[in-house]
Amino acid sequence: MFNKLIKRMADSSSENREPLLSVSSEEIPAHIAIIMDGNGRWAKKRSLPRIAGHHEGMKTVRRITRLASDLGVSVLTLYAFSTENWKRPKMEVDFLMRLPEEFLSTFLPELIEENVRVEMMGYHDNLPSHTLEAVRKAKEATKNNTGLVLNFALNYGSRSEIVDAVKDIAAQVAAGTLDIASISEDHISERLMTKGLPEPDLLIRTSGEVRLSNFMLWQLAYTEFWFTETLWPDFNEDSLLEAIENYKKRNRRYGGLKGEEAN
Ligand code: V07
């Protein structure tokens, strides 16, 4: 996994890629989740429409995905659209719903080249068929890839996800196929949209907001949090490396005691 990185560093002439050297593989978070906030504010600062910020944010997705892949991250989950985002002006929602297609029509060949597997978690209902079709094709085209899992949270809401898991468990209890006394955390985890993925090791939220906004509430129980004032379109390679360096420091401090100290 580092061969590609070393090659990329050798290929880049005067580009500043040195910070990559200071990150070693054992301490890299396996799963990074990001709340990509501040696109509207980025645009407003430049007297641009909010959609210009979203478009710029899409380019950041590509850069951060490339670095995560190069660093050997296993899963990158990106909060692209929440179940609450439907309340935004129709024109903005319509634009956002075109971004998966635009992103994939531009970058899917590179993602395939980089062995990235595209995934999506979220409710399919309400999403336009053109959006779903673009994501379906990308998932299909990358389903056998074994590198980074690029998991887009699209029309995702954590409480609904938990409610649905509870309903499914209740139905099994009602049907007599599950005993209440045997219900465990695993019964919930197995019914979440993240089934099969490791829990996030590092959560990043950009743009200075310090809350979870209904994102992966169950899955983030033991996750390290990194909040930065940087707006998502300005979040670059150095920003991600800074977050990872900080994560590594904390991880080293916990040593073998992680989990026990968390209680
Ligand atoms: C969106 C760009 C990033 C900043 C946050 C909001 C705007 C990439 C995607 C995407 C989603 C699924 C997929 C491929 C790409 C995306 C939305 C918004 C709705 F399979 N960026 N991006 N989707 N933004």
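Me: Is Gln219 buried or exposed, and why?
Reply: In this predicted model, Gln219 has a relative accessibility of 3%. The limit for buried is under 20%, so Gln219 counts as buried.

Me: Where is Gln219 placed?
Reply: Gln219 belongs to the loop between β5 (202-205) and β6 (224-227).

Me: Which residues is Gln219 in contact with, leaving aside its neighbours within four places in sequence?
Reply: With those neighbours set aside, Gln219 contacts Tyr156, Glu161, Leu192, Thr194, Glu199 and Pro200.

Me: Now Asp37. Where is that one?
Reply: Asp37 sits in the loop that runs between β1 (31-35) and α2 (39-45). Its relative accessibility is 21%, so Asp37 counts as partly exposed.

Me: And what is Asp37 in contact with, again leaving aside neighbours within four places in sequence?
Reply: Asp37 is in contact with Arg205, Thr206, Ser207, Glu209, Leu231 and Trp232, when neighbours within four places in sequence are left aside.

Me: How far apart are Asp37 and Ala80?
Reply: In sequence, Asp37 and Ala80 are 43 residues apart. In space, the C-alpha to C-alpha distance between them is 9.4 Å.

Me: Let me step back. How many helices and strands does the protein have?
Reply: There are 8 helices and 6 strands in the protein. Along the sequence, they follow the pattern α-β-α-α-β-α-β-α-β-α-α-β-β-α.

Me: What share of the residues is buried?
Reply: Of the 263 residues in the protein, 43% are buried. As for contacts with a separation of 6 or more, 77% are between residues 24 or more positions apart.

Me: What about the largest nonpolar core?
Reply: The largest nonpolar core has 44 residues, and those with the most contacts inside it are Ile32, Ile34, Leu76 and Ile204. Helix α4 supplies the largest share of this core, with 9 residues. Another core, of 10 residues, lies apart from it, and Tyr79, Leu203, Phe215 and Met216 are among its members. In soluble globular proteins, nonpolar side chains tend to be buried together.

Me: Which residues does Ile204 touch?
Reply: Not counting residues up to four places away in sequence, Ile204 touches Ile32, Ala33, Ile34, Ile35, Trp226, Phe235, Leu240 and Ala243.

Me: Back to α4. How do α3 and α4 cross?
Reply: The axes of α3 (residues 50-71) and α4 (residues 90-113) come within 10 Å and cross at roughly 30°. Angles under 35 degrees count as roughly parallel, and α3 and α4 are therefore roughly parallel to each other. Their crossing is right-handed.

Me: Which residues meet there?
Reply: On the α3 side they include Ile51, His54, Met58 and Val61, and on the α4 side they include Met91, Phe95, Leu99 and Phe103. By class, the contact of α3 with α4 has 10 nonpolar, 3 polar and 6 charged residues.

Me: And how do α4 and α5 cross?
Reply: The axes of α4 and α5 (residues 129-142) come within 8 Å, with a crossing of roughly 15°. That makes α4 roughly parallel to α5. The crossing of α4 and α5 is left-handed.

Me: What makes that contact?
Reply: Among the residues of α4 in the contact are Met97, Pro100, Leu104 and Leu108, and α5 contributes residues including Ala134, Val135 and Ala138. The residues of the contact of α4 with α5 divide into 9 nonpolar, 3 polar and 2 charged.

How values were computed: Residues numbered from 1 in each chain as written. Predicted model: local features only at pLDDT ≥ 70, side-chain atom pairs only at ≥ 80, totals over all residues. Heavy atoms only, no water. Axes fitted to C-alpha atoms, helices over the stretch in contact; angles between N-to-C directions. Helix = DSSP H or I, 4+ residues; strand = E, 2+ residues; numbered from the N terminus. Parallel < 35°, antiparallel > 145°, perpendicular 65-115°, else oblique. Left-handed = near helix turned anticlockwise from the far one by under 90°. Contact = heavy atoms within 4.5 Å. Nonpolar A, V, L, I, M, F, W, Y, C, P; charged D, E, K, R; others polar. Core = buried A, V, L, I, M, F, W, Y, C linked by side-chain atoms within 4.5 Å. Buried < 20%, exposed > 50% of the residue type's maximum accessible area, 1.4 Å probe, protein only.
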